[in-house]
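Here is a briefing on one protein chain. Look over the sequence and the model, then read the points below.

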Amino acid sequence: MKPEIVVRAAPQEFICRPGSWGSLEQHLGRRGIRTVLIVHGRDSWSAAQPFLPELKATEVHLYAYSGECTYPERDGIVAEAAGHGVQAIIGVGGGKISDLVKSAAAALRLPAIILPTLASTCAAWSSLSVMYDDQGRFVSMDVFPYSNALVLLDPQVIAQSPPELLIAGIGDTLAKWYEADVIIRGMISPPVEVELAWYTARKCKEHLLKHSEAALEALRTGYANEDLTRIVETIIMVAGLVGGFGEDYGRTAGAHSIHDALTAIPEAHGQLHGNKVAYGVLVQLALEDNRTEIDFLLPFYEQLGLPACLRDMGLGHLEREDWLKIGERATVQEASIHRMPGHIGAEEVADAIAQLEIYTTDYRVKSNMEKAGMT
């Protein structure tokens, strides 16, 4: 029997081109929107100013968010939007702002409009929000029956963003292939929707491996090139299509469960979402006993500076007891790690973490020896 899959493929409208933000008021006018609430952060708002158009025919109210994507923060946006009677909520910023705007807009049944200043997740595209508590710990993932009304992506805006945030986006998007593949490849006859998710997940990996280095060079110069455009569309659009078509078959598996577990460790709070997910990819591969793919990815991780072991995240002091706690949190009943085949418990996760520490040490010793001409 075919599984029930709800396709939430895309925003109502998506435009990616230099200068796309300049058409914002035109799009508002087409929708009959005259009053909006713009939700923004601090750094992202400063970066956005040179690109934001003057909204001459629109009543604009501003809301500066606190820095965390929490339900109380969402409720504050809801109260502000309702108090002003706005007709749409606009998010200008990164993934947390996108998720807050989507959640608040869904609560009020208003259009959500996203102007990304970062390409660190597919949050600008997807019709879901990942919520945390005020300590930065994962709480839940809420899926909405509404697509985003409009996403205006300007690669030139992303070209001004910090390289480490794009690198984190690359790490988060790389997981799309590994998490979708481990779920879908075991299906005897995947539905067409799932086949599309599988295809787009593979394209994520292909684009990232081919274009990431040149895209990061664009950030160093501050000018968008073709590679950067390809990467930001991959992170936001192509990655969003994976979950949009595949739903639970194309969304998260082991890598994101490891990420969610790491959010409960205070020392890991300084790590970006995509960095923790990238580390989770390697733990997932260790759980699969796929040393070949780990060896294939380690040079790419080294090239970009993605964390490949606990030491890379400043967590090298953790011991077996701590690994087991990570495993317990990663394997709670509702965790997506259980979409992987076989039994996976805290012991298995701790073993995979231990193996990965050994793998990365061996790889770096060998790599350093080769660089020194000792092999």
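D289 counts as exposed because its relative accessible area is 59%; exposed means over 50%, buried under 20%, partly exposed in between (1.4 Å probe, protein chains only). The model is predicted: local features need pLDDT of at least 70, side-chain atom pairs count only at pLDDT 80 or more, and totals for chains, interfaces and linings use all residues. Residues are numbered from 1 along each chain as its sequence is written, and side-chain values use heavy atoms, with hydrogens and water left out.

**Positive phi**
- D289 lies in the loop between α10 (273-287) and α11 (291-304). Helices (H or I, at least four residues) and strands (E, at least two) are DSSP runs, numbered from the N terminus.
- Phi of D289 is near 60°, a positive value in a residue other than glycine.
- R109 sits in the loop between α4 (95-108) and β5. Its phi is near 55°, again positive in a non-glycine residue.
- R109 is exposed, at 68% relative accessible area.

**A buried threonine**
- T121 belongs to the loop between β5 (112-116) and β6 (128-132).
- T121 is buried, with a relative accessible area of 17%.
- A polar atom of the T121 side chain lies 3.1 Å from the backbone nitrogen of A123.
- Leaving aside residues up to four places away in sequence, T121 touches G95, D172, I235, I236 and H273. Contact means heavy atoms within 4.5 Å.

**Nonpolar cores**
- In soluble globular proteins, nonpolar side chains tend to be buried together.
- The largest nonpolar core has 100 residues; V39, L166, L262, Y279 and Y301 have the most contacts inside it. Such a core is a set of buried Ala, Val, Leu, Ile, Met, Phe, Trp, Tyr and Cys residues joined through side-chain atoms within 4.5 Å.
- Helix α6 (residues 163-184) gives the largest share of this core, 11 residues.
- Another core, of 18 residues, lies apart from it; W21, V92, I113 and L150 are among its members.
- Y301 touches L174, A278, V281, L282, L306, P307 and A308, not counting residues up to four places away in sequence.

**Surface patch**
- V365, M369 and M374 form a nonpolar surface patch, with about 280 Å² of accessible area together. Areas come from the Shrake-Rupley method with a 1.4 Å probe; for residues, only the protein chains shown count as cover.
- Patch residues have over 30% relative accessible area and no salt bridge; like charges are joined within 9 Å, nonpolar side chains (Val, Leu, Ile, Met, Phe, Trp, Tyr) within 5 Å. A salt bridge is a side-chain nitrogen of Lys or Arg within 4 Å of a carboxyl oxygen of Asp or Glu.
- M374 lies in the segment after α13 (346-371). M374 is exposed, at 56% relative accessible area.

Technical notes: A polar contact is a pair of N or O atoms within 3.5 Å; within protein, one must be able to donate a hydrogen and the other to accept it, and residues adjacent in sequence count only if both atoms are side-chain atoms.
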